Amino acid sequence: MRLSRSLCLALMSLSFAAFMPWASYPNQAGGKNNLEFVLSMMDRSAQDFKSLTAAIEHIKFTAVVKDTSTESGEIYVRKDSKMRIDFQSPDPRTILRNGDNLYIYTPKINSVVEYNIGKNRAMADQYLALGFGTRTDALRKNYAITMNGEEDLDGHKAAVLELVPNSDDVRKQISKIEMWVDESSWLPVQQKFFEAGSGDYFISHYTKVMKNLKLGDGKFKPDWPKGTKIEKPRE
């Protein structure tokens with residue numbers, strides 16, 4: 001089943017927070033890591049995940065007009081399939097996932113677009129399978145994973161992983177994902193999603209990460225201002 005483009009892009013907006021392990025572990029002896037070692041560290045460091053908050057920067061490049069746009073804000077995640085992204089700049093926008101329900105709220109036009117991803121759960125999880133607490137054997141099931149060396153990013157050594165979706169339908173949306181994993185904390189500090197056939201991509205960058213803070217249910221409640229227009233697109 002093929003996801004609609006609007007739902008696909010919304011899921012990708014959530015997926016960039018998809019795998020943030022926590023604890024700090026030492027590098028492999030000799031200072032040069034391989035794919036198996038990096039994945040094992042990501043598995044190990046994800047074991048105690050409960051929640052996170054972080055600052056995010058979302059950079060979108062549109063090839064046909066050679067335009068780059070940037071959004072910034074905050075993200076809140078809980079292990080029980082709940083996520084909230086509040087973009088503040090340049091224009092306020094909220095993306096909320098609560099189980100099988102996904103909402104995109106734009107206060108400027110007082111409108112919220114509501115999706116139910118239940119019937120597309122198998123396909124949606126191709127984007128969200130990078131999720132918190134997910135073991136990397138699930139990543140292997142959905143992606144062909146390679147390691148493209150190491151780079152310095154934000155003053156830290158990072159392993160660069162490439163994930164190519166195994167599903168033909170998913171590759172029609174996203175041709176590949178690159179992920180920079182900080183080798184001191186074993187959490188992603190940047191992800192880059194390449195949209196299929198367009199030359200477009202977006203980059204997501206994380207800073208000020210705080211783990212396992214208490215995040216109440218209210219943070220993930222779809223509570224919009226009175227008079228908000230609700231749209232429910234057909235899938």
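Reader: What makes helix 2 largely enclosed by the rest of the structure?

Author: Eight of the eleven residues of helix 2 are buried, so the helix is largely enclosed by the rest of the structure; buried here means under 20% relative accessible area, with exposed over 50% and partly exposed in between, for a 1.4 Å probe and protein chains only. This is a predicted model, in which local features need pLDDT of at least 70, side-chain atom pairs count only at pLDDT 80 or more, and totals for chains, interfaces and linings use all residues. Residues are numbered from 1 along each chain as its sequence is written, and side-chain values use heavy atoms, with hydrogens and water left out.

Reader: Which residues of helix 2 are buried, and what do the buried residues pack against?

Author: The buried residues are L35, F37, V38, L39, M41, M42, D43 and S45, and they pack against helix 4 (136–142), strand 7, strand 8 and strand 9, where contact means heavy atoms within 4.5 Å.

Reader: What makes N34 a cap of helix 2?

Author: A side-chain oxygen of N34 lies 3.3 Å from the backbone nitrogen of E36, at the N-terminal end of the helix; a polar contact is a pair of N or O atoms within 3.5 Å, one able to donate a hydrogen and the other to accept it within protein, and residues adjacent in sequence count only if both atoms are side-chain atoms.

Reader: Why is one side of strand 7 and of strand 12 left without a neighbour in the sheet?

Author: Twelve strands form an open sheet in the order 7-8-9-10-11-1-2-3-4-5-6-12, with mixed pairing. Strand 7 (143–153) and strand 12 (229–231) stand at its edges, each with a single partner strand, so one side of each has no neighbour there.

Key. Pairing = 2+ DSSP bridges. Helix = DSSP H or I, 4+ residues; strand = E, 2+ residues; numbered from the N terminus.
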